[in-house]
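Let me put the structure up, and then I'll walk you through a few spots.

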Amino acid sequence: MIRVRMPQHLSALAGAEREVELDVAGRVTQKAIVDALELRFPALAGALRDPHTMQRRPFVRFFACGEDISHQSQDLELPDAIISGKEQFLIVAAISGG
Amino acid sequence: MAAVRILAGTRKGAFILSSDERRKDWDVSGPHFPGWEVYHVKGSPLNPDRLYASQSNSWFGQHVQRSDDGGRSWNPVGNLFSYEGMPGTHQFYDGSLRPWEFKRVWHFEPSPTAEEEVFAGVEDAALFLSKDGGMTWGELSGLRESDSGPLWAPGAGGLCLHTIVLDSLAAGRIFVAISAAGVFRSEDNGLTWTPSNKGLVSEYIPDPQAEVGHCVHKIATHKTRPEVLFMQKHWDVMRSDNAGQNWYEISGNLPSDFGFVIDVHAHEPDTIYVIPIKSDSEHFVDGSLQVFRSRTGGYEWEALINGLPQRNCYVNVLRDALAVDSLDSCGVYFGTSGGQIYASADSGDSWQAIVTDLPSVLSVEVQTLR
């Protein structure tokens, strides 16, 4: 079970708690997690990635095990601690606009 | 007893203000979608409890919310706005070419004849239609793909389609306004379009006969006389008596003819309202807030200041932030960049601030509930 923690705006949009648990079939990658998240919460479609290019939105960041993995390949398998649920997969809204 | 509901979009959420027909005491609900920019909220003329809200921010993109109970609860609906075909390019500020890219919804216009139909005006400028209550959206691409489309360039706020006027008498006739392209008219429900900008003169365009490139801020009409259109252009207040085929200036004695809003009285087709500001850089008039009303369809204007601040006031009113109700004594409402919403229950003769400290107001719509 993958544990995903979302920023407040996304949890409100999804009507979900800040942390949600997801079943991810197959290899656990950034793309697989976002796919599973959008499937479970359709309101999040287009919120994390541009719906046309499917690229991560510029002000959205992904962290795993304390590391910013936003610029890694979407298809790279994530660390065991994320796969096992020991660590959260963090979706972070970039601090900007101040 | 009738009631009035104000739908306000702001920089940090939506607010709904409700009153009975006396329009003295107001209940305020919100913020709905706190922290998000809400460019527009509008209700269906067929089912006033059906509302659409445009929710967006730079982090998480565009989302569309729908309410079926007058704003007590909301549900996200479709937010996929895909341009038809290969969208190509439009002009950028510096004359370079930029690919068409969807950014946000500026304006919703629910159909007055089909409850599940709603139009959306978006940035980069295009017109979309949903036939299923906002669940899915399809572009009416004849507008963007018309001859002038590649020549359109953004105004300071972006290349936005911000105004949609559905003709109340001529079936199939639609007007839209785009900054900074101009007005376009369709006679076939949005399939094909022609520019409707003859008579507009914009100093920044070298060609005085330019068919497009005009920074139209807002157009409005009266439902009983839809062939007469009123326009607040970047500079100049304009009028057309022939459904946009020609325009002529009616700025008359206004202290400035720059502004964003324009609207028409609910029962008097020749009574119109504007809120002038000094210029494109000074979005105020000498520290005072003044609505101007013409009862003669233009040229002759009177300042309406009773109840409005006349000292140290430097707020602006954006293009979608003025609206009227349809009670017997027509109510007029507007929201400011300072977070105030002012209301007049007597056609503008007197005003009261019904809220004073909202986030910066982007849009105001009014529903008259009977």
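Predicted model: local features only at pLDDT ≥ 70, side-chain atom pairs only at ≥ 80, totals over all residues.

Residues are numbered from 1 along each chain as its sequence is written, and chains are lettered from A and ligands numbered from 1 in the order in which they are written.

Helices (H or I, at least four residues) and strands (E, at least two) are DSSP runs, numbered from the N terminus. Two strands pair if DSSP finds at least two bridges between them.

So, chain A. Five strands here make an open sheet with mixed pairing, ordered β2-β1-β5-β3-β4. At the edges sit β2 (19–22) and β4 (67–68) of chain A, each pairing on one side only. Strand β1(A), residues 2–5, goes antiparallel with β2(A) over 4 bridges, and A:V4 has A:V20 as its bridge partner in β2(A). Across β1, β2, β3 and β5 of chain A lies helix α2, residues 30–40, at about 105° to β2(A). That angle is between N-to-C directions, from 0 to 180 degrees, with axes fitted to C-alpha atoms, for helices over the stretch in contact.

Over to chain B. There's an open, antiparallel sheet of 4 strands in the order β26-β27-β28-β29. Its edge strands are β26 (322–324) and β29 (352–355) of chain B, and neighbouring strands are turned by 25° against each other on average, direction ignored. Between β27(B) (332–335) and β28(B) (341–344) there are 4 bridges, with B:F334 partnered by B:Y342 in β28(B).

Now, is B:F258 buried or exposed? Buried, because 24 C-beta neighbours fall inside 10 Å; the cut-offs are 20 or more other C-beta atoms within 10 Å for buried, 12 or fewer for exposed, partly exposed in between, with C-beta atoms placed from the backbone. B:F258 belongs to strand β22(B), residues 258–264. Leaving out residues up to four places away in sequence, its contacts include B:W235, B:P276 and B:I277, where contact means C-beta atoms, placed from the backbone, within 7 Å.

Last, where the chains meet: 11 residues of chain B and 14 residues of chain A take part. On the chain B side, strand β6(B) (61–67) gives the most, 3 residues. That side has 4 nonpolar, 7 polar and no charged residues, counting Ala, Val, Leu, Ile, Met, Phe, Trp, Tyr, Cys and Pro as nonpolar, Asp, Glu, Lys and Arg as charged, and the others, Gly among them, as polar.

How values were computed: Contact = placed C-beta atoms within 7 Å.
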